[in-house]
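Trainee: I'd like to learn how to read a fold like this one. Could you walk me through a few features?

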Amino acid sequence: WFFFNRKEEEIVDKNIFRVEDLKQIDKIILTKNEQAIELKFDGARWKVNNQLADRSMIDVLFATLQQAEPKRAVTESLQDSISTLLKTEGVKVSLYSADDLQKEFFAGGNPNKTQAYFKNPSDDESYVVVIPGYRVYTSGIFELEENGWKDKYVFNFNWKNFQTLKSVVPGFPKNDFEIGMGKTYFEVKGLASVDTTKLNDYLDAISFLTVDQFINKEEVTSYDSLISGKPFLELQVSDVSGKNYSLSLYETGNKTYVLG
């Protein structure tokens with residue numbers, strides 16, 4: 001009796017949304033509301049809309065593409081509504097290899113972001129998608145805005161090419177100093193001797209200085225009153241090719257962060 005009354009479960013192809021060889025993927029376009037985010041490998045680094053991308057986020061993206069799989073098809077009564085939801089509010093994920101489209105699908109989820117759905121553009125059948133062994137919202141990585149993909153290091157260049165670093169305190173020139181390469185090691189110009197431990201710690205802090213949150217252009221106006229005044233600190237870094245990198249820091253009245 002038990003055997004003959006079992007419900008036959010539909011077997012879903014786990015590879016519907018996978019690319020056979022992810023190593024060949026060198027461009028990914030994420031499109032939502034006609035706004036596209038392009039992630040592209042230039043041969044050395046991944047970039048997001050021609051800006052350096054956060055490598056850790058790229059790793060999460062590829063891990064998701066490799067491990068995500070459909071658990072089951074969406075129930076028949078919800079197929080139409082979920083399909084419409086993905087088409088209108090979901091993210092179209094387009095994977096390319098040398099400009100040849102390899103795979104395309106829509107990714108989205110329920111309002112609470114507790115269940116992820118994928119569907120192919122060519123049909124209306126949607127699937128509940130999971131990463132086996134993890135309780136995560138699988139579509140979350142595809143829904144990141146452009147700023148979420150940007151590299152978080154402020155001075156992101158090869159520090160082997162470091163030439164000089166100037167610290168300028170506007171209005172207090174006596175507090176200004178410059179670090180450069182001496183005959184054998186870094187030195188602070190004008191000082192006969194320097195605490196190398198403190199100098200190394202300082203250069204490490206500058207090289208690993210990271211952004212907590214990027215501000216969109218439309219949000220900058222709310223900080224106009226702050227950036228119209230003098231910054232409390234300016235950092236100017238130059239590399240051996242003569243290229244300059246600068247950062248101006250402004251007080252915000254909040255001790256937990258500053259505006260750069």
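Trainee: Let's begin inside: which residues line the largest cavity?

Mentor: Keep in mind that this is a predicted model. Now the general idea: rolling a probe the size of a water molecule over the atoms shows where empty space is left. Here, the lining of the largest cavity is made up of F17, T64, L65, A68, F105, F118 and F142.

Trainee: How many nonpolar, polar and charged residues does that lining have?

Mentor: The lining has 6 nonpolar residues and 1 polar one, with no charged residues. The space inside comes to about 40 Å³, and the count of cavities of 30 Å³ or more is 1.

Trainee: On to the sheets. In what order do the strands of the 9-strand sheet run?

Mentor: Read across the open sheet and you get β4-β3-β2-β1-β6-β7-β8-β9-β5, with antiparallel pairing. The edges are β4 (51–52) and β5 (69–73); each has a single partner strand, so one side of each has no neighbour in the sheet.

Trainee: What packs on that sheet?

Mentor: Helix α2 (residues 79–89) does, touching β1, β5, β6, β7, β8 and β9. Its direction makes about 85° with that of β8. For a look at one strand pair, take β6 (residues 91–97) and β7 (residues 100–109): they run antiparallel and are joined by 7 bridges. Within that pair, V91 has A107 in β7 as its bridge partner.

Trainee: And which strands are at the edges of the 5-strand sheet?

Mentor: This open sheet goes β12-β11-β10-β13-β14, again with antiparallel pairing. The edge strands are β12 (186–188) and β14 (244–249), each pairing on one side only. From one strand to the next, the twist averages 15°. Helix α4 (residues 196–207) packs on this sheet, where it touches β10, β11, β12 and β13, and its direction is at about 90° to that of β10.

Trainee: How many bridges hold β11 and β12 together?

Mentor: Strand β11 (residues 177–181) pairs with β12 over 3 bridges, in the antiparallel sense.

How values were computed: Residues are numbered from 1 along each chain as its sequence is written. This is a predicted model: local features need pLDDT of at least 70, side-chain atom pairs count only at pLDDT 80 or more; totals for chains, interfaces and linings use all residues. Side-chain values use heavy atoms; hydrogens and water are left out. Two strands pair if DSSP finds at least two bridges between them. Helices (H or I, at least four residues) and strands (E, at least two) are DSSP runs, numbered from the N terminus. Axes are lines fitted to C-alpha atoms, for helices over the stretch in contact, and angles run from 0 to 180 degrees between N-to-C directions. Contact means heavy atoms within 4.5 Å. On a 1 Å grid over the protein atoms alone, a cavity is a set of points where a 1.4 Å probe fits but cannot get out, and a pocket is an open set with protein on both sides within 12 Å along at least five of seven lines; lining residues have an atom within 4 Å of a point. Grid points are joined across faces, edges and corners, and a volume is the space filled by probe spheres set on the points. Ala, Val, Leu, Ile, Met, Phe, Trp, Tyr, Cys and Pro count as nonpolar, Asp, Glu, Lys and Arg as charged, and the others, Gly among them, as polar.
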